Amino acid sequence: MTKGEGRDLATLAFAAIATLMLELALVERKFAIFGGGYGQSHILDTPMEIGLFLLGALLAHGLLFGLFYMLLRWLHGREHDRMVFRFNMLFFGVAAFAAALIAKFQLLSYFSDAVSFQLIRNLGGGSLLDAFLFALSESALMLIGIAGALILYAIILRWLRRRKGHAVKPRGAWRGWWIAISAVLLVPVAVVAKGMPDVRYGLDRMVGFGLANKVLADVTDFDRDGYGWFSPQVDRHPFDASRHPLALDIPDNGVDEDGFGGDLRFTGADPKISAPQLPPRPKHLVVIVMESTRADLLTKRVNGKAVAPNVAALARAGSAFPYAYSHVGFTTASLKSLFSGALDPRVGDGSLFSDLKANGYRIGVFSGQPESFGDISAVVGMQKAADVYVDAETLEHERAFSFAAKGSLLVDERKILREFEKRMGDAAQWKKPHFVYFNFQSAHFPYHHRDVPDLLGVKPLPRGQIKAANARRVQDTYWNAVAYADAQVGAVIARLKALGVWDDTVLMVTGDHGEALFENGFLGHGHVIEPTQTHIPFVINVPGLASDAPLGLKDMRAVLLQALGGAPAPERKAPVFQHIGSVDTPAAIGMVEPGGKFTTMIFATEEVWFSDRDRRARYDDLKGADKARADRLISEWGRQRWMRHLADEKAAAPTSTPASR
């Protein structure tokens, strides 16, 4: 090895060690794998675990940087300027890698490590483009920083190339022997770590090990079903493509295809909601959805002021359902479930809009968001049924923000109510039954816009100051937005009274999902199954309907039809099923049983959480009542998947037509 090559190696070692130390610090800050923290059951607390973790992290990181070094040498050619080569090694090996790490953990500082393309797509209403545009609005400063770094890089590189350096030709000594050694040693480390869940959990959070493990998983995926010996969920049947984690469990065939809960026993589909026959003079229906609104708004006080006096008054005079939940933590699927009465409806399925259109209702939609977001309108037949249709795309020049993403469009509630007054404010029209849907968006992130007054004396935070260090002020800002939306609920009630139709109106208020406000380290919705993100209000101004049984958004259609004089809502026996990602390939599943008891399972770690005892354990370690409870969750997941499978088969079946004569 020449003196120059030794300096190259020293530069590479510095880059690798510096970035490894940074990554270890970020992993510990986010996941507390050494110190432990709230909800953290994967702690490295024995010398064996710590030693194996550090060995695996070091080997994988060394392998990653060894490959980076070889790639850099190849890109620079057989003869190159050593100063330029070392500068590129430091810039891309340290600065760029560190920036990518910081960006990753900045994202995870608000979200869980369950973030995936599927989840991002869901939060973008099914569109990766919308999800990207939404994230772009949060990343302007980061993009400016990247642009500045690239400009600085170009300036320094130009200066280095203009200096009187000379090209050298590496002799090829030490041609990456450490790469082979790291790769060989990494395999037994990964094998041992596979049997030590805490070590595996920690290593999977490291970039180098995650990439190496992905390669090992692909190599050992012998039946090409997407799972191998080194997958986060191990394929216990590596040569049978029909049996693997998340495989569809076929009922009563004697085979446990997905490896959880035994062979599925299908207990039947949910009862179908048929087109209702309402009384000759049915009541009006007004549905108000408050974006990102949590169930605790009914009792919440800030600075001694009630946050939601209007919704709380409705609850006292009518019916409140204390255990109402969203099935997911994002808007599009939630609204589809609310209006359709199904977990995963398709275009053409029945909905409240088709129900009431068939019963002669005049229908108005007044939404502060674009209802085409995630195909909400198309799936539930909203725009097709509406006589009056106003949303954030209709009022594009009046929205509060100028972001391009559909998920970021927002029109202030008072402008929505102005349109309601303009288009449906004639009392003579209300001799015909009306169905009016309002969507109030002010409680959506960033929880404040220019039209929201300070109702609670909290001095709302500007968008740029929303961070964990300001958690208390973030919470106050959010509750002030909820208070503003509640004030507009009061304005709707006042207007209905002025029209003389209040006594003949069923008014329902709910949320599409909840919102985590840094209580457990998270901000936002859709990425963890927990009460703050899925427990929602469900209040209706009709007394005598309240129930302590858990109720999901898909159950609300039947309750509303009952309130209008239709058939009684069916008795709810199944738990409220919840999921992150798609029903077929979820990152996590959960259920809520009587008393608001959550049971959740994260598939990547096979960790089960019991909310009433705050206990976390791996599925394979469960026994007795805990095992039975986890299996109820698995069974409900299997039931939901099988119902979806039957619906897919029905939709794919060719329609027969009578033979022509």
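Student: Why is E419 called buried?

Tutor: E419 has a relative accessible area of 3%, and buried means under 20%, with exposed over 50% and partly exposed in between (1.4 Å probe, protein chains only). So 3% puts E419 in the buried class. Bear in mind that this is a predicted model, where local features need pLDDT of at least 70, side-chain atom pairs count only at pLDDT 80 or more, and totals for chains, interfaces and linings use all residues. Residues are numbered from 1 along each chain as its sequence is written, and side-chain values use heavy atoms, with hydrogens and water left out.

Student: And what makes R418 and E419 a salt bridge?

Tutor: Their N to O distance is 2.8 Å. A salt bridge needs a side-chain nitrogen of Lys or Arg within 4 Å of a carboxyl oxygen of Asp or Glu, so this pair qualifies. R418 itself is partly exposed, at 33%.

Student: How do you know that K415 and E398 count too?

Tutor: Their closest N and O atoms are 4.0 Å apart, so the pair still meets the cut-off. K415 sits in helix α15 (residues 413–424) and E398 in the loop between β9 (388–390) and α15, so the bridge ties together parts 17 residues apart in sequence. Helices (H or I, at least four residues) and strands (E, at least two) are DSSP runs, numbered from the N terminus.

Student: Why is K415 called buried, but E398 partly exposed?

Tutor: K415 comes in at 19% relative accessibility, so buried; E398 has 24%, so partly exposed.

Student: Which residues are linked with these in a network of salt bridges?

Tutor: The network links E398, K415, R418, E419, K422, R423 and D451.
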